[in-house]
Amino acid sequence: MGRQDDRSDRWLVIGAGPSGLSVTLAMERAGLPFDAVEAGDKVGGLWNMNNPGSAIYESAHFISSADRSGWADLPMPDHYPTYPRWWEIRDYIRAWAGHHQLSQHYEFDTTVASAEPVETEDGECWDVVLESGEVRRYRGVIACPGFQRVPNQPTYPGDFTGVQRHSQTYVRADEFEGKRVLIVGAGNSAVDIACDAAVVADRAVISTRRGHWFMPKLVGGVPFDCWAVNTASSQEQVGRFLMMHAGDPAVVGFGEPDHVAMAHHPILNDQVVHHLAHGDLVHRPEVQCLDGPFVHFVDGSSEEIDEIVWATGFQDKLAFVAEEHCRISPDDAVNDLFLWMFHRRHPHLAVLGPANLAAGGYWGLAAAADLIVGHLVDERDDPASWRRFRKVIEGPEPDLSGGYRYHQKEGHLSYVNAAALDEYSAQLAVDFGFEPLAMPADFQPPEVLDIDEWLAQPGPVSKPSDGSLATVRYEPAEMFDD
């Protein structure tokens, strides 16, 4: 380990994806000293396919609509499709960073190997070791590395003689040509990859542990995120709504779901139902065991397979922080992260990114960044308010279910109701007097269509107002600053 570089007068922001960029803008506007590092060669995070560990593949699209998913001070371009392609999201992120000239703050191609807390005469600091061997001491760390980094891969009895890999390594459909392919998993990436296999593979099979609800990308001609799925009177009502628009999942999908609608992360995909109905994709239940080239399933069926893609999600952890210093768990007695952002034991570690919710939108990350940075400003300018907020952080986690029942599982341990989180966070900002930094003060949220009202009186609908997120005219490439 090399000689330590003392930078304890400033913070370190890790990551140049949407979360890290939102924090960087808030830090800049708050006048807090900071450094920023990014493992890749440009901003973009997960959406920069060239970044180390990116899980993006060529057929990936955003699963929330362009009109409701951008930052409020520079929404997405008006020529984008309803559901942008991966490279359009990458370019949009670069454009927003360029709009605010954020790349200048970053050291690119710089990977954090480890970070750990240390007690000093001036309080808690964090020692950060880079992959280059350089050692730095910071006042604290705001970790925004993305949480699709550490693959979660299950094990089953037996040995498989074909190729096995995690979906993180998948890039394009032609990798499946001439093969019998098994996709294991039921998340949005799993069904995307299964649809690719359905088109080009000799045989395409998808295995899931349970049946799932499917959400159409367009309902009544408007994007799915125009419907108030987080504030319906009950999840059973959401289920009725989905049955009317997508069909009975026991018939058209992966079998009867063992949970109410919205209890798991939504699967927004229309193509998988198409491929299942046309026989291009075959569904099997959970894997039971592996036997040479054969995969046996719990219903007694078997498939001869050349390649297994484990699209089984990612671990909820910071790869560069030892678990003893940051435990992420659905058990409030164990979980270290209040609101999945503020560390209960280490006041100089904040995290942005692990919360899972049935909503998209980088504007939400900007609002979260303002909470984090507002709290850091209070430590400098109003210690009494900072201590009062620390008492909230160290207390019990608020109920962020919004009255819904969520199934917490590995890879989605931090599931919360988007509407409940927005309401609670907004009230915190008011209670503690946090100023808007990355988030415009005049933000107008998008309007949504009421599911209960529609079920009571079904009929044609019109797209509601997108508020401050409505797309605007510009070319992203003209705004790049990297």
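Buried means under 20% relative accessible area, exposed means over 50%, and partly exposed lies in between (1.4 Å probe, protein chains only). The model shown here is predicted, so local features need pLDDT of at least 70 and side-chain atom pairs count only at pLDDT 80 or more, while totals for chains, interfaces and linings use all residues. Residues are numbered from 1 along each chain as its sequence is written, and side-chain values use heavy atoms, with hydrogens and water left out.

**View 1. R390 and E394 form a salt bridge.** A salt bridge is a side-chain nitrogen of Lys or Arg within 4 Å of a carboxyl oxygen of Asp or Glu. Here the closest N and O atoms are 3.3 Å apart. R390 has a relative accessible area of 6%, so this residue is buried. The structure holds 33 salt bridges, and the next view shows another one.

**View 2. R136 and E107 meet through their side chains.** Their salt bridge spans 2.8 Å, N to O. The pair links distant parts of the chain, with R136 in strand 6 (residues 135-143) and E107 in strand 3 (residues 106-107), 29 residues apart. Strands (E, at least two residues) and helices (H or I, at least four) are DSSP runs, numbered from the N terminus. R136 is buried at 3% relative accessibility, whereas E107 is partly exposed at 28%. Both belong to a network of salt bridges that also links D5, R7, D9, R10, D35 and E134. Side chains of opposite charge can pair when their charged atoms come close.

**View 3. Helix 1 packs with helix 2.** Helix 1 covers residues 18-30 and helix 2 covers residues 86-99. Their axes are 11 Å apart, at an angle of about 10°. Axes are lines fitted to C-alpha atoms, for helices over the stretch in contact, and angles run from 0 to 180 degrees between N-to-C directions. The two helices are therefore roughly parallel (angles under 35 degrees; over 145 is roughly antiparallel, 65 to 115 roughly perpendicular and the rest oblique). P18, L21, S22 and L25 of helix 1 make the contact with I93, W96 and A97 of helix 2, where contact means heavy atoms within 4.5 Å.

**View 4. P476 lies in the segment after helix 10 (451-456).** Is this proline buried or exposed? P476 is buried, at a relative accessible area of 5%. Leaving aside neighbours within four places in sequence, P476 is in contact with P77, H79, Y80, D91 and A95. P476 and H99 are 377 residues apart in sequence, yet 9.5 Å apart in space, C-alpha to C-alpha. D91, one of the contacts of P476, forms a salt bridge with R90, with 3.0 Å between the closest N and O atoms. D91 is buried at 14% relative accessibility, and R90 is partly exposed at 22%.

**View 5. L339 and W340 each have a positive phi.** Most residues other than glycine have a negative phi, and most peptide bonds are trans. The phi of L339 is about 55°, and that of W340 is about 60°; neither residue is a glycine. L339 is found in the loop between strand 20 (337-338) and strand 21 (342-343), and W340 is in the loop between strand 20 and strand 21 too. L339 is buried at 2% relative accessibility, and W340 is buried at 8%.
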